[in-house]
Amino acid sequence: MVGHKRQEAMAYGRLGNVCTNLREYQKAKEYQEKALAVAIEIGDRKGEVATYGNLGAVFDSLGEYQKAKEYHEKALAVAIETGDRRGEGTTNRNLGNLFHSLGEYQRAKEEYQEKALAIAIEIGDRKGEETTCGHLGTVFRSLGEYQRAKEHHEKALAIAIEIGDRKGEGTTCGHLGIVFHSLGEYQKAKEYQEKALAIGMEIGDRNMEGTSYGNLGAVFDCLREYQKAQEYYEKALAIMIEIGDGEKEGTAYVSLGAVFESLGEYQKAKVYEEKGLAIAIKFGDRRGEGFVHLNIGKIYLKLHKNRAAKEHLDKAVSVSITLGDRKLEVLATVSLVAVFASVNDSQKAKEHFEKALTISRECSDRYLEAHVYLNLGRVFQSFGECGKAADYLEKACSISSHIGHKMAEFHSLLSITVLKTSQSETVEAMEYLLHCIGKYEQIRTLLKENSEFQMSLLEEHDTFPYQLFTDLLCDTGKFRDALYVEELGRARVLTEFMADKYSAESHISADPRSWSGIENVVKRESNCVFLYISYRDRQVLLWVWKTNGDICFRKTDEVKVETLIAEQVCEVEGIFKKSAACFGVLPTANCEDRSLDDNVHEESQANLRGDKIKDTGRSHHLCYEWIFAPVADLLTEPEIMIVPDRFSYRVPFAALRDGPAGKYLSEKYRIRIVPSLTTLRLIQECPADYHSQTDALVAGDPTVGKVHYNGCLTDITPLFCANKEAEMVGQLLGVQPLLGSRATKHAVLQAIPSVSLVHLAAHGNAERGEIALSPQYTCNSTPQEEDYLLTMSDIEGVQVRAKLVVLSCCHSGRGLVKKEGVIGIARAFLASGARSVLVASWAVEDEATSKLMKHFYKHLVRGESASESLHQAVQWLRSNGFPRPFQWAPFVLMGDNVTFYFMKKGLIHLAAHGNPKRGEIALSPERNTGSIPQEEDYLLTMSDIEGVQVRAKLVVLSCCHSGRGLIKKEGVIGIARAFLASGARSVLVASWAVEDKATANLMKHFYKHLVRGESASESLHQAVQWLRGNGFPKPCQWAPFVLMGDNVTFDIMKKGKEELEEDSNEAEKKQGDN
């Protein structure tokens, strides 16, 4: 009979537990009470302990903490009375969790969780020990003792792994992720949450999976990666709906509401929060209900609806008092302070803050206490009580430092800096600001393995500390130091990428003792001046640094509000954003549209209407007035190297002028962009042998066809003009271009690491400039984006050794504008090792692009620099039928000013000392040190030549003994043979030492015939005849030169004449059309 009754009690208990899991708490209570009655009836004291515990859990879930406490205490008393040590340990854990929920953290720790741990160790309950270590970790996290929290969770993790508890392992990974999140170590937080997610998927625990998605969303939310945060929260929501976990479904709605609140979409945020509130009320989740009221109250506060905000915050306080939830009460009270402060009710604001401070101390939550002090300091500052404000902020800083919460310490230091600045205590302000920036740099270092997080950190916490430091330094006349501080907020992640590729140090630090060396960057450049731009809401700051070391700082007056209102913008940045408004995708009559995005085409056609062009004209004038007019007298060199700031990248610098009839900047200057001085320094100092000196990759008009793009099936059309352009460039460079189906993503990525120049003419993505190449068709399925789209991550995954990358694609200069800079395909090439990148800032007109590229490469192959070549090509366009800025202004050179030594028309001529044994040639050594050069530093040897690809049709070695070598059965082993072996078609050599005057005359007449189109053999014959008949009769004077190999011909004069005639005809036709 007793056995049957015990089974009945157990059945009731199990049914009760099922109902608890289903959130059917009333039914759960009824079943557990029946189980308890039976256990008491039959004297099952152990069952009594378990049932009291289960009832405690039910009331805990209902938020009836007092009743929950009573039942858990009954369970504990029975367990102690009967000597049930395991039951005693379990009940202590439950009571510890209850007091933790009530915010009584010390009591939870000392009276219950530590006792539970001791019992588990005593009886050898490893699972209980694991669980209790986890609970203690959570308590220590609430107490702000993050190091101890981490230690206990790590113990729990070790035990879970030891006993094979995969679920416990996953749960503990999630807890460790939350601890690292609290410490601001977001990369580690992400890694642990991903481990928890993987374990949840492996063991089929959908609840753990959903929880992990939610926690990952919180990490990205904190870093302002709102799109990713939303994606993770939506995955969590879907899982919770699927498994019927109503409470966590509500939590996911609330989290999504927080994302939309951060995005400023307050109405949408309110809708999600209200869904969360309805679910909390439905399931009797009083604590959840209180927190949602808190969130809605904060939303109304941002909407300046103070009455509605106060109503919801008062409800949150009421719920917290009912439940005894001290943390919720503190947070709601702090938000009420903001409500009273917004209506200037300082008395009530102070009363509520004192109340919040008292409660935070009582519940021993050190982070919460620091949070209260920080907000209290800010409010007292707003009331003008700076002394009290300073005391509270110092306390916030001290507590944050003590508990190791780096982000809270950063915010405290920044608030103290702002306070000191407002009191004109500049010296103290700068000291605090240095500590603040140092703390930020520490947090940044913790994220070094995740560049995305580093950029998000800058977005989340702004460049304000750097800007404030810059302003303070400029106010004290320390303009050079201010420039070093500006560098701390520019292209930091790009700098670290580049340093990694070059195996170099990044040379950038927040320590003022390290602020030296940038002047060397400037000195290495010639005939140029650096223009460094920084801007605030209504002001532009400018530094001009000359190559002689002179540095000048100027700033504009604050822009008048009326000026901004007239342009329908709120700040200077708005004008920069508008400055290229009419330079979108051009009408199809002029452009085959190398853009992948149809919506850009439609938008920009609208932008080409007259009113938009007028707006752009005004924007351009303002950009000139703010950026160039203040320093016009300092721009005395032919080239300006511009270091832009954020949206000033969008400004079409080449198209700016000082008035409607004035000269464009690109008429007066060569213009080059560098992301930062530190990135240029890395390029300048990279190893001499890093970049390839030979070969080129030219790809154009990839055959893409029907593919998946942006979630849709898209048919990407061929680009006939890009095909012609690639053929033209390939012909000029002497390489076979990859065209059509041969221009695959695989082929391009394979070739990039080995070439000196990359030229891509294809469709470009309007968002980041990513490029559509031909997919590798291996099956019948429609290609996905990863099969054909050349992305930033693809480029960052290879070693780019090109000196120059030319991206002749629509929007190749575009990208997501962040405080880090422009995040797009051009930056990816620089990050992966390219010295220089030529990009298009908007969609390009085909004919203009074709002519620009033709003239750009014409100058480049003559040995002119990339900057000069672009400058000359733009000048030609403007003077020959392409007068409008949208035709000639889109292309921008970023990075170094590279030069190529292409031998014109495939010819190499060397005139130098020659070695009498093998004809090897003495050239000038690189004199980088004071040591005497060794042979390998200056002697051009056979192995040197055999190590490169020679594409010259003719090599002329006007050196003594250049035809000499070791005579073997193989032939003459010397420098001439090395040139032939490496690809030269023909080599002209001297068999012995040559007489200077005879040699000079022979070469003069040899080339006179060669440029007329005569063959090399005939040209040499004619030159020798001339020598013999004109005062050089001796064989030693005319006989040493010998032609080896093919009888090559050059069409130099013919081609030059054709090009001149073609350019002239085109210009006349274009002028006639216009």
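Phe-469, leaving aside neighbours within four places in sequence, is in contact with Met-430, Leu-433, Leu-434, Ile-437, Val-485 and Trp-515, where contact means heavy atoms within 4.5 Å. The model is a predicted one, in which local features need pLDDT of at least 70 and side-chain atom pairs count only at pLDDT 80 or more, while totals for chains, interfaces and linings use all residues. Residues are numbered from 1 along each chain as its sequence is written, and side-chain values use heavy atoms, with hydrogens and water left out.

Phe-469 and Leu-433 are among the residues with the most contacts inside the largest nonpolar core, which has 133 residues; such a core is a set of buried Ala, Val, Leu, Ile, Met, Phe, Trp, Tyr and Cys residues joined through side-chain atoms within 4.5 Å, and buried means under 20% relative accessible area (1.4 Å probe, protein chains only). A second, separate core of 118 residues includes Leu-682, Ile-771, Tyr-857 and Phe-882.

The structure also holds 24 aromatic pairs, counted when ring centres of Phe, Tyr and Trp (its six-membered ring) lie within 6.5 Å, with planes under 30 degrees apart taken as stacked, over 60 as edge-to-face and the rest as tilted. One of them, between Phe-410 and Tyr-440, is tilted, at 5.8 Å centre to centre and 45 degrees between the planes; both Phe-410 and Tyr-440 are buried. Tyr-624 and Phe-628 form a stacked pair, with 6.1 Å between centres and 25 degrees between planes, and both residues are buried. Ring pairs also join Phe-479, Tyr-532, Trp-543 and Phe-553 into a cluster.

Definitions and conventions: Buried < 20%, exposed > 50% of the residue type's maximum accessible area, 1.4 Å probe, protein only.
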